[in-house]
Amino acid sequence: MNMQLDVDDSTVRHVVEDVLKRLGHTHRDSAGSIPEVVTTTKHSVTGNARSTSKRKFGVFEDANDACEAAHSAYYQLRDQGVAARMKVVDIVKSLCDKNANSWGKMELDETKIGRLDHKIEKLKIVKLTPGVEWLKPDAMSGDHGIMLEEYAPFGVVGGVTPITHSIPTLSSNVVSIVSAGNAVVFNPHPGGAHCANVAVRVFNEAIYRELGIENLICSVEVPTLKSFDVISQSELVGLLVVTGGPGVVSAAMKSGKRSICAGPGNPPVLIDETADLDKAARDIIFGAAYDNNLLCIGEKEIFVVDAVYRQFLQAFESAGAFKLTQNQLDQLERAVFTYEDDGGGCSHPVLNREMVGKNAVDLATIAGTKTPAGTELIFAETDASHAFVIEEQMTPMIPVVKVRDVEQGIIDAKSAEHGYKHSSIIHSRHIDNMTVMARELDCTLFVKNGPSTSGLGLGGEGYLTYSIATTTGEGITNPETFTRKRRCVMIDNLRIY
Ligand code: NAD
């Protein structure tokens, strides 16, 4: 890419001088001098070796350097006000949209999990993440004057992203975090770090060109557990947001830093006798097959009441889901799970990460069968304690379990969800059943009569982000999630009437 900005030199000089002046109190090196910026080349971010040699555009070898650069960028953003936040949001959303095809392919090539069409779509919908407009201060006015509660930034936020949606999570996090006035340092998943860092560079180049702000979005070039520790222990980082499985949630909680934890899920679906079975079948195929079941909100196991069990299986097959026999299920199970002694004499299934995000056709081949071309989802009948039910296996192979009645279905669904309180789905026209399930599972997202994706504003009401803070309770993250609430009061004045 050879991007050239059409700006005259005096404008460039003015912007640089202005930025340097405002950076003066925060951005001096250890000797107290202002670092050199090559003013004559500011209008070109890629066209001149001198201009780029000193700039990292957000990607740092050293996590400490990344935290320091982000901290400096936070002050630069603060000085440019809310308009600059809006500009950054606009830049990130439009770059995701514009680069969706190439970035989607790059992410799939690197991570080797999921589906290209959905990788592309996940980038195109980053624009649905709420921006600066989300933050509305609260005010009170009375005989003793007025009070204003505002949403203030933390400064620098440390972020961890999953391999399942590397650029989408990073980008959507940036929209929320910067809307709230913060800068950010990411420790991306090592398996999706290259594509994350490409996006970080492109975002920063555009932000620098438009606003002169450097390194607002930082990341570690080769992320490790050690670099996570550096970020989580840095005094410059005020808050963490981690999106991933149990390991990173536990590490964030132990770090001592305030953490927003978007943790694992294992969303169950319950189908009762009042459900529209054809629609339920279609909805489940859409949600569970999305990006080969990589979504944390995606349907992971189905419980169907006895009264409509056979009818549902027929509807599922008619809608395009492909059924495995018991032998094929057993063969697939041996590929997807190994069994380890849990130390207490019992064995427990361990997911083979190689199988995560594979497509349904390949899984069927591993199971020893062949599906019709274009099959998106395979399924098998299992009991409620099967490894495919209890493990969050992130493959487009969904187990279907027959339950005696709704009560049994809710008990089994609750058990499969493991108390993550992440997501669950019901297909029913019975409001009492919906209410009981909502209360029992107490999930952050509870979708009734739609695919899981409709819980994130895709075909349902609501808005999108890629970090659903289940463990720590903030819910579907948005700009407010990344703010401190501050109160400002005026005593006995400024109330006009
Ligand atoms: P993962 O847990 O393997 O990795 C997630 C991130 O955490 C990666 O960047 C990884 O490097 C880091 N990490 C893992 N262990 C760590 C540790 N001990 N210390 C520091 N960092 C650590 O998960 P994944 O396979 O990348 O993503 C899938 C998981 O993420 C699933 O469990 C899924 O449900 C969950 N997820 C949750 C949400 C949500 O919004 N709640 C969204 C997407 C994915």
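**Strand 7 and its surroundings**

Strand 4 (residues 156–160) and strand 7 run parallel and are joined by five bridges. The model described here is a predicted one. Within the pairing of these two strands, V157 has L239 of strand 7 as its bridge partner. As background, the strands of a sheet pair through backbone hydrogen bonds, and the pairing can be either parallel or antiparallel.

Strand 7 spans residues 237–243, and six of its seven residues are buried. The strand is thus mostly covered. Strand 7 also pairs with strand 8 (residues 259–262), again in the parallel sense, over four bridges. One of the residue pairs here is V242 with C261, the latter in strand 8. To get from strand 7 to strand 8, the chain passes through helix 9 (residues 246–254), and this β-α-β crossover is right-handed. A further pair to find is T243, which stands opposite A262 in strand 8.

These pairings belong to a wider arrangement. The sheet is open and has six strands, paired in parallel in the order 1-6-5-4-7-8. Which strands form the edges of the sheet? The edge strands are strand 1 (59–60) and strand 8, each of which pairs on one side only.

Helix 6 (residues 166–179) touches strand 4, strand 5 (183–187), strand 6 (217–220) and strand 7. The direction of helix 6 makes about 155° with that of strand 5. Helix 9, the helix of the crossover, lies across strand 4, strand 7 and strand 8. Relative to strand 8, helix 9 runs at about 170°.

How many residues surround the ligand? There are 26, and the closest are P162, G244, G245, V248 and P264. Sorted by type, the shell around the ligand holds 14 nonpolar residues, eleven polar residues and one charged residue. Helix 8 (225–233) and helix 9 each supply at least two residues of this shell. The largest share, three residues, comes from helix 9.

How values were computed:
Residues are numbered from 1 along each chain as its sequence is written. This is a predicted model: local features need pLDDT of at least 70, side-chain atom pairs count only at pLDDT 80 or more; totals for chains, interfaces and linings use all residues. A residue is buried if 20 or more other C-beta atoms lie within 10 Å of its own, exposed if 12 or fewer, and partly exposed in between; C-beta atoms are placed from the backbone. Two strands pair if DSSP finds at least two bridges between them. A crossover is right-handed if, with the strands pointing away from the viewer, the path from the first strand over the helix to the second runs clockwise. A residue is near a molecule or strand if its C-beta atom, placed from the backbone, lies within 6 Å of it. Ala, Val, Leu, Ile, Met, Phe, Trp, Tyr, Cys and Pro count as nonpolar, Asp, Glu, Lys and Arg as charged, and the others, Gly among them, as polar. Two residues are in contact if their C-beta atoms, placed from the backbone, lie within 7 Å. Axes are lines fitted to C-alpha atoms, for helices over the stretch in contact, and angles run from 0 to 180 degrees between N-to-C directions.
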